[in-house]
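Please look over the model below before reading my notes.

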Amino acid sequence: MLSYPVNKISTPDDQINVLQLSDLHLSTPVAASTDSHSHCDEAASCQRSFEKVLQQALSEDMRCDLIIVTGDLVNQVESTIYDYIFQVLQATHIPFACIAGNHDVTDENGKDLPFFQRELVARPADSRLLSRHVIEAEHWQLLLLDSSVTGEVAGEVTSTDIDWLCNRLSTCHKPALIALHHHLIPVDSNWIDTHMAKNTESFWQHMAPFEHLQVIISGHTHQEQVRQRQGVTVYSTPSTCYQFMPYEDDFAHDKGGRPGYRWLQLANNGKVASWVERLDT
């Protein structure tokens with residue numbers, strides 16, 4: 001069995017092929033509301049989609065060296081759901097790492113109600129979800145942050161997080177990738193941008209001196225975008241389940257959007273190639 005969490009990656013060609021999965025939103029049908037089948041159907045759909053996405057990605061003609069799951073593993077905080085996810089990931093025999101999203105530290109009571117009428121309940125994060133974790137490779141450093149805030153939808157990059165990043169980037173000059181759940185640049189969807197990470201301007205100010213910070217990956221937005229700031233390429237990644245409509249001020253599902261995942265090729269010369277694949281219909 002693979003040891004978890006992974007701390008070091010080594011490959012024959014010193015290139016790291018990373019599979020990013022995000023926003024699984026898994027739940028257990030037994031915990032669904034008894035007066036509606038919709039929750040059960042959605043739970044089963046997200047589980048099937050997660051399994052199919054993983055199967056499709058790992059059947060591609062490309063070596064996978066590391067799987068990073070960028071938050072919202074669950075739709076309700078239950079240890080048995082994490083047990084299932086970790087069993088599935090362990091069965092791949094590929095090193096992996098998981099970080100928390102808002103749904104990993106917050107339950108929503110009244111999911112049949114409009115969002116603003118729901119009760120947000122703070123929950124402790126599963127102990128297997130990582131915070132301020134480093135994965136080292138020959139030519140790269142991968143820095144994983146927990147941006148979740150218990151009982152809230154929005155996240156935060158705290159001053160302690162920033163101090164940790166600055167210390168790491170000051171002492172190790174390998175090209176760097178940061179992974180977290182909440183987005184750090186608005187995606188031009190007003191409703192989700194109100195729930196992005198807080199303290200982002202301080203984050204960007206402190207990151208400015210570090211030219212070897214190359215890439216940031218996140219989830220949360222359930223959509224694919226690529227943005228640039230301060231020479232850093234910032235990727236948002238689709239959900240393995242359902243998608244949000246991009247560039248909408250009000251919440252809307254992208255009903256035609258298929259589940260997706262992101263590949264990142266981190267080359268031994270510090271260059272990055274990245275693209276999104278969608279689940280075959």
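Predicted model: local features only at pLDDT ≥ 70, side-chain atom pairs only at ≥ 80, totals over all residues.

1. Residues are numbered from 1 along each chain as its sequence is written, and side-chain values use heavy atoms, with hydrogens and water left out.

2. The protein chain holds five helices and 15 strands. These are DSSP runs numbered from the N terminus: helices are H or I with at least four residues, strands are E with at least two.

3. The C-alpha trace spans about 55 × 40 × 35 Å along its principal axes. Of contacts (heavy atoms within 4.5 Å) between residues at least 6 apart in sequence, 71% join residues at least 24 apart.

4. Buried residues (under 20% relative accessible area, 1.4 Å probe, protein chains only) make up 53% of the 281 residues. The accessible surface (Shrake-Rupley method, 1.4 Å probe) is about 12,300 Å², with 48% belonging to carbon and sulfur atoms.

5. Strand β1 covers residues 16–21, and six of its six residues are buried. Ile16, Val18 and Gln20 point one way; Asn17, Leu19 and Leu21 point the other way.

6. What does β1 pair with in the antiparallel sense? Strand β14 (residues 260–266), through five bridges; two strands pair if DSSP finds at least two bridges between them. Here valine 18 stands opposite leucine 264.

7. Strand β2 (residues 66–70) pairs with β1 in the parallel sense over four bridges. Leucine 66 in β2 is the bridge partner of valine 18.

Technical notes:
Buried < 20%, exposed > 50% of the residue type's maximum accessible area, 1.4 Å probe, protein only.
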